[in-house]
Amino acid sequence: MAAPHRQTLAVWKFASCDGCQLSLLDCEDELLLLADRLEIAYFLEASSAIVEMPTHPYDVSIVEGSITTAHDTERIQEVRRRSRALITIGACATAGGIQALRNFADVEDFKSIVYASPDYISTLGTSTPISAHVPVDFELNGCPIDKRQLLEVIAAHLAGRRPRVRAHSVCVECKRRGTVCVMVAHGTPCLGPVTHAGCGAICPAYDRGCYGCYGPAESPNTAALSARMAQLGSDEVDLVRVYRTFNAGAPAFREAGEAHEGGPPRSAGRGA
Amino acid sequence: MGAGRQTRVIRTDYLARVEGEGAMYVRLDGREVAEVKLRIYEPPRFFEALLRGRAFTEAPDITARICGICPVAYQMSAVRAMEDACGVRIDDGPIRDLRRLIYCGEWIESHSLHVYMLHAPDFLGYPGAVEMAREHREIVEQGLQMKKAGNAVMALVGGREVHPINVRVGGFYRAPTKTQLRTLQDPLERARETALATVRWATELPFPEVEREVELLALADPDPDAYPIDRGRIVSDGGIDIAPAEFDEHVVEEHVEHSNALHARIRERDVYLTGPLARYALSSQALRPLAGEAAREAGLGGVCRNPFRSILVRAVELVQACDEALALIESYEPPVAPAVEVTPRRAVGHGATEAPRGLLYHRYEIDEDGTILDARIVPPTSQNQLAIEQDLRAVLEANLDLPDDRLALRCEQTIRNHDPCISCATHFLQLTIDRG
């Protein structure tokens, strides 16, 4: 039953694919119950109704996406001002996302590759996480986030406790799941040892190495992992690529990628 | 501004219940529609640029991130294009069946989301599904359960609902067992019943009587009994019949100032529409008997040119996707190996598949070691943007006497009729009506 003063939830979007906020709508069994418990005051993907809160901030703001435009650097300040707790969801909001690959290139080149009239496009040279602009109360990793973790984070904030979200590596999840190690048993390169848990170790369970979509775990030993992957046959180009995907802007992965940059190109014809 | 020529501006700065960030701007000069703009201000993410220098095997995972609503579509167009470049064809057998199965899962998930959460509130007069659920809880719940069945297919075959991890160039990392797929039968049978009920429910919705004369373009499967999803030639009711490799010769993309999306049109002709209305018009004879029967009972005829009734066509496609998924599971025998070997070579490859909201075209040029040299991605919403603007213009002309707020609402519904996915369309929409 609805409490007399329901807490309010707002969902905000910056540069992203919408997949993380879709995770909220993917809570098919919990969505309507959640809407009974709290007021979804601002969620454009789901409703045109906006509950304006002129004097009170939203109790919980969920932010998806990274900051890539001058306008958005201002909008995120406004979101922060209007939010009691600000939670970022996903690799874009937490590390800059796949679009942070521009941070390693010249954005003017990027514009002219995609658009016939690059002058029409206004964008920043970088894609940066929300925490680079405003204080963030909690960051939920993943590309995409795990919906059960999202529900846990929302429930924890409603209850005023810390979310039970562990920062250990994907390896622990594989052990718990009983998955045979794909790197030890099959020599498949795997980012599991340095990647933040949360997905439930899906890739190794599908005979594939982890590709790091949950970003760095706490204290990741990327140097040791890179050395092992090199023994398994990864060259410098491969090593740059594996760290430089959806969490390329996360410091530990950025540094690991940079450590292998400048190696000899594999073939003369390799692209830009 | 002359006497009697009042100018009205109607604008919606943040379009709701669409995927991604767009706005509408309309300016009316007296009784003349002076300007209609669907603005895509979703910030550009430069996928075609950042794909350069990556491995050909990375394209399905990277391009999935263009859209959280239809990642499988991106993965499927990417793998087809890469296989085309490498001279590999997977046109029958269990790997293709699994691809169609996971794609059916995405159609079920995406169409359920659109029909129940995004589109239905327009017809029933609610701002969103959560508000609608306060008075029509059982309707929203059945939509959510159908959506859940689609997600279950994606999670089982693909590893997870959003950005599945199991799709690769050449096939899959791991093929499911027969026993695993059988666990999907119960939820899919219930979803099929819900889809049939959805067709009957949607038939009763109040539809404005409109007909749009726009060229309809979609894939057509070479098998006359297969509804287009994952392969085929690109055909239109205006006479186009081309291989995906010829797409560039027939469709041009233009960059206009008000949008971060590129507008597509048929070269030296005009706008066209892709999506459920186009697929249905060009391939309704290929629907499975159950879906074809549901369409007949709903009075859809062979062609539906009323975008408001697209909800009905999506409901028919939900029947189709559930029924086909069940048939695929019934006949499934696991492949000997989950993927075929794909060896890169210096070449250009093309891939076109049917995302829930329309044709999705990929073209890649790769080097002999598989490095991507050039990428081109044409999503459905950038193809539909001009048709949507044209549609808005027609709706405005027919409803000039409505007050601004109701006119804005009608315009927004006109946009949602096409299930635009703005996250996709960037490179690829802002709605404002200006009568001022």
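**Sheet, helix packing and contacts in the predicted model**

Strand β13 (residues 358-366) of chain B runs antiparallel to β14(B) and is joined to it by six bridges, where strands (E, at least two residues) and helices (H or I, at least four residues) are DSSP runs numbered from the N terminus, and two strands pair if DSSP finds at least two bridges between them. The model is predicted, so that local features need pLDDT of at least 70 and side-chain atom pairs count only at pLDDT 80 or more, while totals for chains, interfaces and linings use all residues. Residues are numbered from 1 along each chain as its sequence is written, and chains are lettered from A and ligands numbered from 1 in the order in which they are written.

Within β14(B), B:D374 is the bridge partner of B:E365. The open sheet of three strands has the order β12-β13-β14 (chain B), and its pairing is antiparallel. Because β12 (347-355) and β14 (372-378) of chain B stand at the edges with a single partner strand each, one side of each is left without a neighbour in the sheet. From one strand to the next the twist averages 15°.

Helix α3 (residues 71-85) of chain B packs on this sheet and touches β12 and β13 of chain B, its direction making about 150° with that of β12(B); axes are lines fitted to C-alpha atoms, for helices over the stretch in contact, and angles run from 0 to 180 degrees between N-to-C directions. Contact between two residues requires that their C-beta atoms, placed from the backbone, lie within 7 Å. The α3(B) helix also packs with helix α4 (residues 94-124) of chain B at an angle of about 150°, with axes 9 Å apart. The two helices α3(B) and α4(B) are therefore roughly antiparallel to each other, a term applied to angles over 145 degrees. In this packing, B:V72, B:A73 and B:M76 of α3(B) meet B:R99, B:I102, B:Y103 and B:E106 of α4(B). By class, the contact of α3(B) with α4(B) has five nonpolar, no polar and two charged residues, with Ala, Val, Leu, Ile, Met, Phe, Trp, Tyr, Cys and Pro counted as nonpolar, Asp, Glu, Lys and Arg as charged, and the others, Gly among them, as polar.

Between the chains, the contact takes 60 residues from chain B and 54 residues from chain A. On the side of chain B that touches chain A, α6(B) gives the most, with seven residues. That side of chain B has 25 nonpolar, 14 polar and 21 charged residues.

Notes
Parallel < 35°, antiparallel > 145°, perpendicular 65-115°, else oblique.
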